[in-house]
Amino acid sequence: MNNADAPVRNTSGPAGPDARRPGDLRTLLDEGTRAVVDDGDLRTGRDRFERAFRIAESVGEERAMAVAALGFGGLWVHEHRTVAGSVLLESRIRRALELLDPQSSLALRLRIRLAGEGDYRNSDNTAVMALLKQARARQNPMARAEALSLAHHCLIGPEYGALRRQLAAELVAESFRTSRRSDLLMGLLWQTVDMFLDGDPHAERCLSELRGLLAEQDHLAVGFVVSAMEVMLAVRAGRLDEAEALARACTERGIAAGDVNATVWQAAQLVTIRWYQGRVVELVPLLSEVVNSPTLSAVDDHALAALAVAAVTAGDRRKAVSALATLCGHDLGDLPRSSSWMVTMHGVAEAAYLLDDTATAARVYELLRPYGHLPIVGSLAVACFGSAHHALGVAALTMGDVDRAVTHLRDAVRQNLALAHWPAATASWERLAVALERSGRQAEADAVRREMAVAAAEATASAPDTGGPDGADEQGEDGQGQTAAFCTRLGRKWRIGVGGRSVLVDHSVGMLHLVVLIANPRQEIRAVDLVAGLTALDGAVEHTGLSGQRALDRVATQEYRSRLTRLRLELDEFAAEDDHARAAAAQAEHDWLVGQLAGATGLGGRARRFPEGEERSRVAVSKAVRRALDRIAAADPVIGEHLRHAVHTGVRCSYWPA
């Protein structure tokens, strides 16, 4: 995009609504080149090159048409995401090619851009690599630099790491021949991206060099990618609130640069943050829109995988199964190996685990296994889900191969610690404990959970104080300098969290008891009062016995009956699917609930009263709370461990955050 390579004749005469004076065409081309090459202002560049192309076409300036068509393509491959935008770009390139000498440098550069656009959409690299070979033979610096950058973008899949590094180093060297600042920045950016994609421990060194160049003179487009990397690093460090603030700033920078990825990357960043916060269910509406967004790359499937995970977490099994079936298509192996492929496989593995889909899990394992040594990094290092061994371990766990799952998850913990990705390390510890329990190694599982709890406590102790003026913050500090749990109701579920972590848990009688205890830390509440449904301590009535106390309150009875209705529907569904394992589990829960209701109701369905006072209440509350804690620990062992130590049941119950 250097106009010295494409002299433009001065012309006079009318040229439609965009024609002004004879120098306007040259001015537009110069402004477009400065916007993209020097400033990274893609929006301004597109505008200037768009107007320049129309003028050049109307007055028959074929070389100016070629320069404008190249500039309109932008800095990246596939900047024009809509069908109309892509067709317009390629039609202009072909139109300019028809008018140029096929042996000219401009014609070669146009063919390189055309090949890059086609190869990227087809998840291929054959054409652009062939033209890179031609550019090298022709010794044309600008053609070679453009071919190197576009080819690198087409090789962003996990199997091309070594080749990408070679191309990035060559682009840096070529930038000193082209004297274009954007070539140097792109070469360094691609090197940084490659190092993050490979899990190179020195990736941040390369990023620091790039930051230094941008501090000397900003470049909006490259700076946008660097700001996205900052979000990813904040997530790795476990600073999730900070990461969310950085993601908003990153989006604003991307919009200012005119980058089509601004909103798409924001969605990907939110998925990562919410995943580690245990709040991915909140993103179902957003992801339902993103999967159909025209700005989503044609080879990007991560949003559909994320939707499957979020939907099944929210209890919408039908939506989750549909999303997963759409992804798998004829064969999961047909998905393009784009920059989002690893993240997509991570999502598919998680969805298959949550849906008990052993066939899909086996296919994910087969496809992902060659890349177990890599981190799961999305796009240009804008999101990271830790070691690929985690997804392999989850897939193995779904397949029932618990020994293999343990091996992968141990490797995942080790690699995540090496990446300093603390949320991912915690997630791998959690699944490792589950795998150890399933293999009958309870002592090892307990040791893993203790290790995880210690790491969580250390992270909490080293976290900066973000509390408000009253000493309590939204993360659950109790006003006495201690990290306390918090609970909020979300429809039929409860969001329960500790520190920066949270998870959604189904409503239950035990959860109601926990909510009361957590709302009244360091205060003893009698079990009889919990059973009675009292939620305040002040003015509580002293009871001498429970001869008139209901065994199940009205809310609990209604919840049990609603769950029975759902279980009957699930039993029919599992029978139709011939899913014996899930049918047996549902039948067991059904029978237990029937027994509970039978013991709690008398003639005509009226609530039966406790005959035995405090002892019966103690037993009922202890069992209900224990079941709730088991469900919480299964969803998030760190939160579960905190509550197991802090919640005390008996005749008098309490919550004492340590």
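Mentor: Look at strand 7, residues 647–648. Strand 7 pairs with strand 8 in the antiparallel sense, over two bridges. Keep in mind that this is a predicted model.

Trainee: Which residue stands opposite valine 647?
Mentor: Tyrosine 655, in strand 8.

Trainee: And how many residues are in the hairpin that joins strand 7 to strand 8?
Mentor: Three residues make that link.

Trainee: What else does strand 8 pair with? I see strand 6 there.
Mentor: Strand 6 covers residues 525–526 and strand 8 covers residues 652–655. Two bridges join them, and they run antiparallel. Arginine 526 is opposite arginine 652 of strand 8.

Trainee: In what order do the three strands of the open sheet come?
Mentor: The order is 6-8-7, with antiparallel pairing. Strand 6 and strand 7 are the edge strands, each pairing on one side only.

Trainee: What holds strands together in general?
Mentor: Strands of a sheet pair through backbone hydrogen bonds, in a parallel or antiparallel way.

Trainee: Which helix lies across strand 6, strand 7 and strand 8?
Mentor: Helix 23, residues 509–519. Helix 23 runs at about 65° to strand 8.

Trainee: New topic: helix packing. At what angle do helix 17 and helix 19 pack?
Mentor: About 25°, with their axes 9 Å apart. Angles under 35 degrees count as roughly parallel, so helix 17 is roughly parallel to helix 19.

Trainee: Is their crossing left-handed or right-handed?
Mentor: The crossing of helix 17 and helix 19 is left-handed.

Trainee: Which residues meet there?
Mentor: From helix 17, residues 341–355, they include Met342, His346 and Tyr353. From helix 19, residues 388–399, they include Ala391, Val394 and Leu397. By class, the contact has eight nonpolar, three polar and one charged residues.

Trainee: Last topic. How many salt bridges does the structure hold?
Mentor: There are 35 salt bridges. One to look at joins the side chains of glutamate 50 and arginine 54, at 2.8 Å from N to O.

Trainee: How far apart are glutamate 50 and arginine 54 along helix 2?
Mentor: Four residues. Helix 2 spans residues 42–59, and being four residues apart in it means that glutamate 50 and arginine 54 are separated by about one helical turn.

Trainee: Great. I'll go and find that pair on screen.

Methods
Residues are numbered from 1 along each chain as its sequence is written. This is a predicted model: local features need pLDDT of at least 70, side-chain atom pairs count only at pLDDT 80 or more; totals for chains, interfaces and linings use all residues. Side-chain values use heavy atoms; hydrogens and water are left out. Two strands pair if DSSP finds at least two bridges between them. Axes are lines fitted to C-alpha atoms, for helices over the stretch in contact, and angles run from 0 to 180 degrees between N-to-C directions. Angles under 35 degrees count as roughly parallel, over 145 as roughly antiparallel, 65 to 115 as roughly perpendicular and the rest as oblique. A crossing is left-handed if the near helix is turned anticlockwise from the far one by less than a right angle, and right-handed if clockwise. Contact means heavy atoms within 4.5 Å. Ala, Val, Leu, Ile, Met, Phe, Trp, Tyr, Cys and Pro count as nonpolar, Asp, Glu, Lys and Arg as charged, and the others, Gly among them, as polar. A salt bridge is a side-chain nitrogen of Lys or Arg within 4 Å of a carboxyl oxygen of Asp or Glu.
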